[in-house]
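Colleague: I would like to learn to read this model feature by feature. Please give the general idea before each case.

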Amino acid sequence: MTDPLALEPILGPTERTALAFNDDDLTHDERFEAFEAHVVAGGKVEPTDWMPDEYRTAVLRFVEMHANSELMGVLPEREWLMRAPTLRRKLALTAKVQDEVGHAQLLYRVAEDLGKSREAMFDDLLAGRTKFHNVFHYPTVGWADVGMIAWLVDAAAIVAQQALRDSSYAPYARTMRKICWEESVHIMHGRDVVVTMATGTVAQRAAIQDALDRWWGPLMQMHGPRSPREKDRDLHWRIKAKTSEELRQEFLTIYVPRIREIGLVIPDPDLVWDDEAAAWRYAEPDWDELRTVVTNHGPMSEARLEFRRVNREETRWVREAILGVATAA
Amino acid sequence: MTSTDAAERRAPQDRAQVHAPELEPWEVFRQEKDGDPMRHGGSVMAPDAELAVHYARELFGRRQESVRLWVVRRADVLDLDDPDLLQPPLDRSFKKPGGYVMRDKLAAARAQSGQAKPKARQG
Amino acid sequence: MTMTTLRPAIVAGLTDLIGTMADDEFVIGFSDSEWTGIAPLLEEDVAMSSLAQDELGHAAALYGLLADLTGSDADALAYDREPGAYRHARLLDHGRGDWAMTIARRYLYETADAVRLEALVDGSWAPLAELCRKLVREERYHLMHVGSWFGRLADTPGEPRDRLETALAVLAPDAGTVFTPLDGETGLIDAGILAASMSELETRWRSVIGPTFARHGLAIPPRTDRPARGRTDHGAPFDWLWGEFNTVRRSDPGAIW
């Protein structure tokens, strides 16, 4: 296994020192141009490099939303930790949720090193000023949901994450490589749960089909609406490498056959492979639903944010204890 | 003068140092298997060495993916990236293999001696 | 001594002993796993989750040994009993509580478990002795973590210290229940499987934790007033836990998950 995370500069040493934008003697505009040229040509950025504000804020926003999503993504699954039906499933699910917390830690660390404190990020998340991914605003109603999330939601996420392994912001790219390596186990666990239920009792098969029926819509919305490549600033800065549509198509190509092969029916009669266009055709996802949900008006948005607010307050005294602050008795 | 007087006369920030450690980043280096070099893995936030080591094990070793970890305060890491020191401009190719290209000279020597280029050694 | 050469009385004693150990690890593993995703610090969340997984892994290994002894199945042993049939220590019946309650409970349990394991690692029945030697190695990490946190809370004046003292007071009546005497223990001692009686082990435990309590100026919990009932009468928090961990399993009995 190769080291998933190593601080080797992506550029050779000679190229790094020749980076013009790090030269304090240049004007801001000169530095901006040099930086842009560097990134557009595939160059990497380290935390110690000079960055234009636009780039720094774009990376921070991107990483922060990712970190928030890992943190909130824990909640739908942790309810079922206590209810896992066998020792092995309990261990697997606990390890998976643990990994998500670990990913939140890694991502908040990347964002912290860009200059925003963890407490400020939690403040913004819990006040609704920053966002987290749509899929984590929905309820989980049974064990079948646990399998479906671990399989297909994680799969959709990993399609996006793999494309981020070459992000221009090097600390984020390195973190994505570690995360992708860890996520691969989650998908296997999820698929195992789903396949077991799909070949199980009548009630289990019905439950797993029902879970797919409920999760398909949010899954199709997850990568976001189509947007033109030229208008996407995150693509321009090479923070990400693929468009929403490219990611969605990739997800469908890999997973539609795997869903169908176990006898599940995808609840979209319009879903079909178009040979001529070499692309999947599908019913238009409900973009209004997506907008409503990510602005914290989803079925579980407020309940989960409130849960986190309460939990944060209840555990505040422990953080203060770690810092050795004598608190009022 | 009692010991409490002396404590109070210490500057506020000194008291803070003694009684209120902050969360700060600790860098974690890991060795994947015996004989491998230590490689940077990432960082953890912790208030002191004891918890830093514990958290490093969790974030970079809970899956048995490391055989050794080094944990060090980021503030204690000496960072050298000065190009004048690390990439000085004058030629130093005499210090690198690429500075010794002998293909043409060897070809001339073989031609002169009538010898063919030796076959690559087995094993 | 192999499985086949064990006398029935010894099998009964072992079943009892291993059953109590497995139930202890299972119940504390469940309680600790509740912190996954909501611990006070992200790094501490990952740490506590590893501890919970270790405990559940230990429970799985112990239920596995029990399954070999009794011809049953580890999951069936773990899940498929009525609440009254579980034999974990009453110390572990208290709900997760706040961080201080979790640390206090873990401190009392881990130190007790360490003494219990020490009395089993050189036992004459190899499968149990070997497993206990592995558990001891993993438990070192647990003792490091809980020892560190116990000290931090005890030595931080104000809320941390107060909460620790409150938790210890709530747990005090059940603190020693890990050492509830077992019916077959004399036979196990005679067979060289267990090194000393539960009562003797409790005394050893108190001499181990006594200095720590003294150093932090904390009152050591008294001996349990009804030692014979230390592993029964579990109460409402365990009923809740039992309901939770059986939710899915009982929804479709016989299904494979």
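Modeller: Start with the elements. Helices (H or I, at least four residues) and strands (E, at least two) are DSSP runs, numbered from the N terminus. Take G192(C): it sits in the loop between α7 (185-190) and α8 (198-215) of chain C.

Colleague: How do I read the numbering and the limits of the model?

Modeller: Residues are numbered from 1 along each chain as its sequence is written, while chains are lettered from A and ligands numbered from 1 in the order in which they are written. This is a predicted model: local features need pLDDT of at least 70, side-chain atom pairs count only at pLDDT 80 or more, and totals for chains, interfaces and linings use all residues.

Colleague: What are the ipTM and pTM of the model, and what does chain C average in pLDDT?

Modeller: The model scores ipTM 0.91 and pTM 0.86. pLDDT is the predictor's confidence in each residue, from 0 to 100. Chain C averages 94, and 98% of its residues score at least 70. Within chain C, helix α4 (residues 99-118) has the highest confidence, at 98. Helix α9 (residues 236-251) of chain C has the lowest, at a mean of 93.

Colleague: Back to G192(C). Is it buried, partly exposed or exposed?

Modeller: Count C-beta atoms, placed from the backbone. A residue is buried if 20 or more others lie within 10 Å of its own, exposed if 12 or fewer, and partly exposed in between. G192(C) has 13 C-beta neighbours inside 10 Å, so it counts as partly exposed.

Colleague: Which residues is G192(C) in contact with, beyond its neighbours within four places in sequence?

Modeller: Two residues are in contact if their C-beta atoms, placed from the backbone, lie within 7 Å. With those neighbours left aside, G192(C) is in contact with G123(C) and S124(C). Now set sequence against space: L143(C) is 49 residues from G192(C) along the chain, and their C-alpha atoms are separated by 27 Å.

Colleague: How many helices and strands does chain C have, and how do I judge its radius of gyration?

Modeller: Chain C has nine helices and zero strands. For the radius of gyration, take C-alpha atoms; the globule rule is 2.2 Å times the number of residues to the power 0.38. A compact globule of 257 residues would come near 18 Å, and chain C agrees at 18 Å. Its C-alpha atoms fill a box of roughly 55 × 45 × 30 Å along the principal axes. Buried residues make up 49% of the 257. Of the contacts in chain C with a separation of 6 or more, 74% join residues 24 or more positions apart.

Colleague: And chain A?

Modeller: Chain A has 13 helices and two strands. Its radius of gyration is 21 Å, close to the 20 Å from the globule rule for 329 residues, so chain A is as compact as a globular protein of that length. Its C-alpha trace spans about 70 × 70 × 40 Å along the principal axes. Of the 329 residues, 41% are buried.

Colleague: How many residues of chain A are in contact with chain C?

Modeller: 40 residues of chain A are in contact with 40 residues of chain C. On the chain A side, α4(A) gives the largest share, 13 residues. For residue classes, Ala, Val, Leu, Ile, Met, Phe, Trp, Tyr, Cys and Pro count as nonpolar, Asp, Glu, Lys and Arg as charged, and the others, Gly among them, as polar. This side of chain A divides into 21 nonpolar, 13 polar and six charged residues.

Colleague: What does α4(A) reach from its first C-alpha to its last?

Modeller: The expected span of a helix is 1.5 Å times one less than its number of residues. α4(A) has 26 residues and reaches 37 Å, close to the expected 38 Å. In α4(A), 23 of the 26 residues are buried, so this helix is largely enclosed by the rest of the structure.

Colleague: Where is R238(A), and what is its phi?

Modeller: R238(A) lies in the loop between α9 (233-236) and α10 (244-261) of chain A. Its phi is positive, about 60°, although it is not a glycine. R238(A) is buried, with 21 other C-beta atoms within 10 Å. N296(A), also not a glycine, has a positive phi of about 70°. N296(A) lies in helix α11 (residues 287-297) of chain A.
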